[in-house]
Amino acid sequence: MVWLLIFILVIVLQGPIQNGFGAGAVLGTIVLFLVATGVWLWTQLLLANRVSWLVLLPGALLAAAATSALSLAARVYMPRALNGALGEYGSFGLVLVVLSWLIVVCGAVTFAVHIGAVLAQEPPLIRHVQKEEQPVPAS
């Protein structure tokens with residue numbers, strides 16, 4: 001429940017975050033990326049510590065990059081797409097545009113997390129993210 005509330009809070013604060021809380025778009029982009037990394041890392045950590053956070057970090061970074069880029073692209077694309085669909089198809093067009101955008105975002109996150117998992121299991125990252133297995137002492 002806490003995760004859902006934090007996720008909703010991040011979505012509600014998306015505008016101020018992108019603006020860097022008044023400090024500008026450059027700082028806002030950096031803050032957006034850091035917040036998104038934290039959210040996606042925490043989302044993956046809901047695996048109840050079955051996987052080390054270092055193994056999950058590449059996926060979180062890729063998902064943050066994807067959602068940050070899509071968030072910035074939405075500022076340009078979505079107003080035109082929504083106005084065009086609303087004018088041509090009414091509320092049905094509005095629903096189609098929003099659902100299509102949600103599919104794009106979910107697909108980007110899914111691919112990012114999967115690519116991150118593959119990267120964490122392959123060289124050169126595997127030696128940095130996975131702990132050395134400790135030998136079991138003989139009895």
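**A note on the pocket and its helices**

1. Let's start with the pocket lining: in the largest pocket it has 17 nonpolar, 4 polar and no charged residues. Here Ala, Val, Leu, Ile, Met, Phe, Trp, Tyr, Cys and Pro count as nonpolar, Asp, Glu, Lys and Arg as charged, and the others, Gly among them, as polar. Please keep in mind that this is a predicted model, where local features need pLDDT of at least 70 and side-chain atom pairs count only at pLDDT 80 or more, while totals for chains, interfaces and linings use all residues. Residues are numbered from 1 along each chain as its sequence is written, and side-chain values use heavy atoms, with hydrogens and water left out.

2. Which residues lie nearest the centre of the largest pocket? They are Phe7, Ile11, Gln14, Thr67 and Val105, out of 21 lining residues. A pocket is an open set of points on a 1 Å grid over the protein atoms alone, where a 1.4 Å probe fits, with protein on both sides within 12 Å along at least five of seven lines; lining residues have an atom within 4 Å of a point. Helices α1, α3, α4 (53-89) and α5 (91-120) each give at least two residues to this lining. A helix here is a DSSP run (H or I, at least four residues), numbered from the N terminus.

3. Now look at the aromatic rings. The whole structure holds 3 aromatic pairs; rings of Phe, Tyr and Trp (its six-membered ring) pair if their centres lie within 6.5 Å, and planes under 30 degrees apart count as stacked, over 60 as edge-to-face and the rest as tilted. The ring centres of phenylalanine 7 and tryptophan 40 are 5.9 Å apart with planes at 70°, so this pair is edge-to-face. Because phenylalanine 7 sits in helix α1 (residues 2-12) and tryptophan 40 in helix α3 (residues 25-45), the pair ties together parts 33 residues apart in sequence. Ring pairs also bring Trp3 into a cluster with Phe7 and Trp40.

4. Is tryptophan 40 buried or exposed? Tryptophan 40 counts as buried, at 15% relative accessibility, whereas phenylalanine 7 is partly exposed at 22%. Buried means under 20% relative accessible area, exposed over 50%, and partly exposed in between (1.4 Å probe, protein chains only).

5. On helix α4 you will find serine 68, which is buried at 7% relative accessible area. Serine 68 touches Leu32, Phe33 and Ala36, leaving aside residues up to four places away in sequence; contact means heavy atoms within 4.5 Å.
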